[in-house]
Amino acid sequence: MTNLKSGFLAGFIATVVLSVLMVIKGMMGGMPELDVAAMLAGMIGAPVIVGWIVHFLIGTVAWGGGFAVLYDYVPGSSAVQKGIVFGIADCVKRGAIMDHR
C-alpha cells in the first residue's frame, strides 16, 4: 500500500478509535495523568484543542503515512491483519520506551 491516501485514511480511523478509548478511560478515572492531548498542548504551550489537533495530525499523517510506506513489509494477509500487527508493534515499541525513561 504505497497509496498514501489509503494510509492516511487508515491512520485517521485508528486515531479516532484510540481517541474514543482515551476519552472513555479518562471518564472512568483510569490513569488521568496519561492525557495525550493535554500533554501535547502543554509541550507547545497551546490550548488542549490544539493538542487534539496535533494528536490527529500525528496519527493520520505520521502513523498513517508510515503504515502506507511500510505496508508491503508488515506481516499479514489482509490490510486489517497488517494494521493490527502495525498497531501491536507500535504498542510494544512505546511500552519499551516508557519502561526505560
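Among contacts in the chain between residues at least 6 apart in sequence, what percentage join residues at least 24 apart? In this predicted model, the share of such contacts that join residues at least 24 apart is 52%.

The secondary structure of the chain consists of four helices and zero strands, and its pattern along the sequence reads α-α-α-α. Of the 101 residues in the chain, 21% are buried. The accessible surface amounts to about 6900 Å², with 76% of that area belonging to carbon and sulfur atoms.

The packing of helices may be considered next. Two packed helices are described by the angle between their axes and the distance between the axes. For helix 2 (residues 36-44) and helix 3 (residues 48-70), the axes come within 7 Å and cross at roughly 105 degrees. Angles of 65 to 115 degrees count as roughly perpendicular, and helix 2 is therefore roughly perpendicular to helix 3. Helix 2 contributes Val-36, Ala-37, Ala-38, Leu-40, Ala-41 and Ile-44 to the contact, while helix 3 contributes Val-48, Val-50, Gly-51, Trp-52, Val-54, His-55 and Ile-58. Classified by residue type, this contact of helix 2 with helix 3 comprises 11 nonpolar, two polar and no charged residues.

Ser-19 lies in helix 1 (residues 4-28). Its relative accessible area is 6%, so Ser-19 is buried. When neighbours within four places in sequence are left aside, the residues in contact with Ser-19 are Trp-52, His-55 and Phe-56.

Methods. Residues are numbered from 1 along each chain as its sequence is written. This is a predicted model: local features need pLDDT of at least 70, side-chain atom pairs count only at pLDDT 80 or more; totals for chains, interfaces and linings use all residues. Side-chain values use heavy atoms; hydrogens and water are left out. Axes are lines fitted to C-alpha atoms, for helices over the stretch in contact, and angles run from 0 to 180 degrees between N-to-C directions. Helices (H or I, at least four residues) and strands (E, at least two) are DSSP runs, numbered from the N terminus. Angles under 35 degrees count as roughly parallel, over 145 as roughly antiparallel, 65 to 115 as roughly perpendicular and the rest as oblique. Contact means heavy atoms within 4.5 Å. Ala, Val, Leu, Ile, Met, Phe, Trp, Tyr, Cys and Pro count as nonpolar, Asp, Glu, Lys and Arg as charged, and the others, Gly among them, as polar. Buried means under 20% relative accessible area, exposed over 50%, partly exposed in between (1.4 Å probe, protein chains only). Accessible areas come from the Shrake-Rupley method with a 1.4 Å probe; for residues, only the protein chains shown count as cover.
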